[in-house]
Amino acid sequence: MRSGRLVSESGLFSQAPNAPASASGRSTGAALAVLYEHPQWFVPVFAELERRGTPFDRIFIPDHFYDIGQRQHAFKVLFNRMSPSAHSRQHGSGIFHTLAYLEHLELMGVRVINGTTAFRYEISKAAQHSLLKSLGIRYVPSRVIHAPGQAVAAARGLRYPVIVKPNIGGSGKGIVRYDSAQALELAVAAGRLDLGYDGVALVQEFVPARGGHIMRVETLGGRYLYAIRVHLSGATFDLCPADICQSAQGEVLDNACVIEAAKAGLSVEAYQPPGEVIQAVERIVRAAAIDVGGIEYMIDDRDGGIFYYDVNALSNFVADARRVIGFNPFENLADFLQQELQRAG
């Protein structure tokens with residue numbers, strides 16, 4: 001068995017409740033389990049829990065299976081950290097496996113942090129925009145398609161440039177910009193339009209971001225935690241804050257570039273959003289049942305209006321957070337997890 005991976009949480013590996021988190025991937029009987037897929041993004045979460053001596057087990061989703069007939073689970077709280085971009089790492093089947101598993105756990109009475117409802121929004125850009133509309137919150141004009149041949153007709157009435165965004169994305173994967181109807185038509189005719197893992201995509205107006213930056217507001221327990229301003233390079237839609245390599249002042253951020261150096265063109269700084277934005281963000285995450293999440297928005301340079309455009313139930317905190325925002329949000333996250341463990345008894 002590979003290090004740090006849990007193949008089955010059948011409870012066959014029974015140890016004392018206060019045993020340390022398993023390094024071998026076997027269940028220790030801890031009350032907390034963390035389900036994850038990306039090999040590096042969650043190292044800080046694990047490190048903070050270990051520093052506190054909080055027992056937990058790691059469930060590495062590509063190796064995971066479960067028994068529907070199992071009577072009792074070793075853990076009382078599961079923290080879902082499954083990534084919708086798993087398909088780009090050959091782990092796409094784990095997306096729908098995770099959805100089934102979360103539903104199973106909730107039916108069995110397990111407290112799931114970022115559970116089924118949150119994860120359904122995480123894996124559907126279309127559902128995210130429907131949620132925004134239902135809340136009366138301004139969203140990017142969008143059309144949902146399920147066949148490449150529908151793209152040109154769907155784009156009619158939208159202002160060019162447009163983008164085609166896969167429904168299941170994650171970290172900006174698969175987004176392509178088309179500057180004219182002719183360019184979109186040529187892409188369709190040439191068979192170059194990729195609708196993504198589930199064959200569903202959004203055709204959206206490309207919104208020019210005022211100042212060349214977007215804002216991301218992080219939340220914890222349904223409440224505002226902090227916000228950052230991400231300065232764009234113009235060459236990527238991939239805005240994962242854990243992977244950004246430098247601050248707005250040009251300082252190199254620790255523990256960032258080792259993950260994906262392609263984001264070296266982006267920079268980040270702390271930001272205080274206006275009160276109405278914080279209120280809107282908190283409404284979104286509560287409606288989506290997101291316990292730990294981030295909402296992205298931008299200011300349209302054409303009219304100065306705010307567009308909310310991305311709802312993230314997988315929230316990777318900004319790299320080198322102490323330098324960027326002045327505190328370590330993983331400490332807040334660990335506090336939250338410990339509180340949830342206490343509530344679960």
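Q: Is D300 buried or exposed in this model?
A: The model is predicted. D300 counts as buried because its relative accessibility is 0%.

Q: Which residue forms a salt bridge with D300?
A: R302 does, with the closest N and O atoms 2.9 Å apart. R302 is partly exposed, since its relative accessible area is 34%.

Q: What is the accessibility of the residues in the salt bridge between R323 and D320?
A: The closest N and O atoms of this pair are 3.4 Å apart. R323 is partly exposed, at 39%. D320 has 18% relative accessibility, and buried means under 20%, so D320 counts as buried.

Q: Which salt bridges share partners and join into one network?
A: E48, R51, R52 and D335 are joined in this way. E48 is buried at 7%, while R52 is partly exposed at 27%.

Q: How many salt bridges are there by this rule?
A: The count comes to 22.

Q: What describes a pair of aromatic rings?
A: The distance of the centres and the angle of the planes describe it. A search of the whole structure finds ten aromatic pairs here. Take Y36 and F42: the ring centres are 6.4 Å apart and the planes lie at 85 degrees, so this pair is edge-to-face. Y36 is buried at 6% relative accessibility, and F42 is buried at 2%.

Q: Which aromatic pair links distant parts of the chain?
A: Y226 and F327 form an edge-to-face pair, 6.0 Å centre to centre with 80 degrees between the planes. Y226 lies in strand β10 (residues 223-231), and F327 lies in the loop between α8 (321-325) and α9 (329-344). The two are 101 residues apart. Y226 is buried at 3%; F327 is partly exposed at 24%.

Q: Which residues form one aromatic cluster?
A: Y36, F42, F46, F56 and F60 do.

Q: Where does R138 lie relative to F307?
A: R138 lies over the face of the F307 ring, 3.9 Å from its centre. R177 lies over the face of F206, at 4.4 Å from the ring centre.

Q: Where do nonpolar side chains tend to be in soluble globular proteins?
A: They tend to be buried together. In this structure, the largest nonpolar core has 39 residues. Those with the most contacts inside it include L49, F79, I228 and V292. Helix α9 supplies the largest share of this core, six residues. A second, separate core has 22 residues, among them L135, V217, V277 and V285.

How values were computed: Residues numbered from 1 in each chain as written. Predicted model: local features only at pLDDT ≥ 70, side-chain atom pairs only at ≥ 80, totals over all residues. Heavy atoms only, no water. Phe/Tyr/Trp six-rings, centres within 6.5 Å; stacked < 30°, edge-to-face > 60°. Buried < 20%, exposed > 50% of the residue type's maximum accessible area, 1.4 Å probe, protein only. Helix = DSSP H or I, 4+ residues; strand = E, 2+ residues; numbered from the N terminus. Lys NZ or Arg CZ within 6 Å of the ring centre and 35° of its normal. Core = buried A, V, L, I, M, F, W, Y, C linked by side-chain atoms within 4.5 Å. Salt bridge = Lys/Arg side-chain N within 4 Å of Asp/Glu carboxyl O.
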